[in-house]
Amino acid sequence: MLGEPGRAPIVCSSALQYLQDLKSAQRRVGAPISDSQVVRDFERSLRRQGAMRPTRQAVPATHQDIQRVLRKEAGSQVGLAIALAWAGAARVSDVTRLTVGDVSWEDGFVAVNWSQTKSDPFRLGVTTGLVLSEDWSAELRRHVEGRPPGELILSVSYAQVKAALKRARPELTGHSIRRGALFRLLQKGLHLEEIRRLSRHSSLDALVRYLPAGKLAVARETATSSGLLAVNVLP
């Protein structure tokens with residue numbers, strides 16, 4: 001931990017560790033900076049991300065919001081993108097990068113290989129199981145059958161998804177899907193580690209920035225031992 005007199009300490013994270021490493025490097029070349037400066041730089045970076053200002057984070061979509069949008073977008077690519085993002089607690093950008101070869105059908109769910117995501121810069125790929133309604137599962141099949149594995153499944157933009165959400169509730173944005181899905185998974189009683197694996201956050205620290213502190217206090221944190229996690233957030 002680092003801190004200044006009279007101020008609460010800040011717990012180290014990967015970002016803070018990076019700044020500490022930077023400070024060490026600067027010291028070695030004869031241009032040291034103080035711990036206070038490192039802390040200020042770290043806090044400034046968090047403010048830019050909105051992590052220290054919850055009001056700047058995306059308003060979480062509710063189950064009712066998503067159902068309303070999906071009814072209006074039935075059979076459309078925008079609707080399919082939203083259904084996949086909600087079921088996978090995924091970013092809209094991750095869904096729009098999915099190719100035909102990234103999806104397959106297992107017993108009762110769709111296996112999705114997230115091979116091109118912000119959380120996986122080296123494209124190692126993480127596979128999760130999504131439970132879609134029969135209608136959206138059939139729509140997904142219609143978009144992938146008979147097409148080459150490398151083709152994108154959808155040709156929709158973030159702006160189109162955002163516009164559909166705002167028609168249902170003006171304060172929603174594309175990232176409201178991911179944040180709302182994470183809230184819903186917590187409400188359904190999933191362990192934090194299970195949620196982290198489904199959402200593909202790099203750490204629990206990264207995940208909990210999305211979640212309400214009151215609910216985190218009672219969340220169960222026992223990890224699951226299953227190899228492939230399938231979660232239904234679209235009952």
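Which residues does D102 touch, not counting residues up to four places away in sequence? The tour returns to that question once the chain as a whole has been viewed.

**Before selecting anything**

The model is predicted, so that local features need pLDDT of at least 70 and side-chain atom pairs count only at pLDDT 80 or more, while totals for chains, interfaces and linings use all residues. Residues are numbered from 1 along each chain as its sequence is written, and side-chain values use heavy atoms, with hydrogens and water left out.

**The whole chain**

Of the 235 residues, 46% are buried. Here buried means under 20% relative accessible area, exposed over 50%, and partly exposed in between, with a 1.4 Å probe and protein chains only. The chain exposes about 12,100 Å², of which carbon and sulfur atoms supply 52%; these areas come from the Shrake-Rupley method with a 1.4 Å probe, and for residues only the protein chains shown count as cover. A contact means heavy atoms within 4.5 Å. Among contacts between residues at least 6 apart in sequence, 63% join residues at least 24 apart.

**D102 and the strands**

Select D102, in the loop between α5 and β1. With a relative accessible area of 9%, D102 is buried. Leaving out residues up to four places away in sequence, D102 touches R97, A111, V112, N113 and S115.

Next, select β1 (residues 103-105) together with β2; the two run antiparallel and are joined by three bridges. Two strands count as paired if DSSP finds at least two bridges between them. W105 stands opposite V110 in β2. Four residues lie between the strands of this hairpin, and G108 takes a positive phi near 85° there.

W114 stands opposite V126 in β3. Four of the five residues of β2 are buried, so this strand is largely enclosed by the rest of the structure.

**Helix α3**

Select residues 63-72, helix α3, whose buried residues are H63, D65, I66, V69 and L70. Viewed down the axis of α3, these residues fall within an arc of 160°, so they line one face of the helix; the arc is that of the directions from the helix axis to the C-beta atoms. The face turned away from the buried side carries the exposed residues R71 and K72. The buried residues of α3 pack against α4 (77-87), α6, α7 and α8 (175-187).

**The nonpolar core**

Now select I82 and I177, which have the most contacts inside the largest nonpolar core, a set of 49 residues. Such a core is a set of buried Ala, Val, Leu, Ile, Met, Phe, Trp, Tyr and Cys residues joined through side-chain atoms within 4.5 Å. The largest share of this core, nine residues, comes from α4.

I82 is found in helix α4 and is buried, with a relative accessible area of 0%. Leaving aside neighbours within four places in sequence, the contacts of I82 include I66, V69, L70 and I177. Under the same exclusion of neighbours within four places, I177 is in contact with residues including A61, W86, V92 and L165.

**Salt bridges**

Show the charged side chains. A salt bridge is a side-chain nitrogen of Lys or Arg within 4 Å of a carboxyl oxygen of Asp or Glu, and by this rule the count comes to nine.

- R68 forms a salt bridge with D65, the closest N and O atoms being 3.2 Å apart. R68 is partly exposed at 30% relative accessible area, whereas D65 is buried at 4%.
- D94 forms a salt bridge with R91, with 3.3 Å between the closest N and O atoms. D94 is buried at 1%, and R91 is buried at 11%.
- E151 and R147 meet in a salt bridge of 3.0 Å, N to O.

Salt bridges that share partners join D65, R68, R169 and E171 into one network.

**Last stop: G150**

Finish at G150, in the loop between α6 (134-144) and α7 (158-168). G150 is exposed, with a relative accessible area of 63%. The C-alpha atoms of G150 and V100 are separated by 6.1 Å, although these residues are 50 residues apart along the chain.
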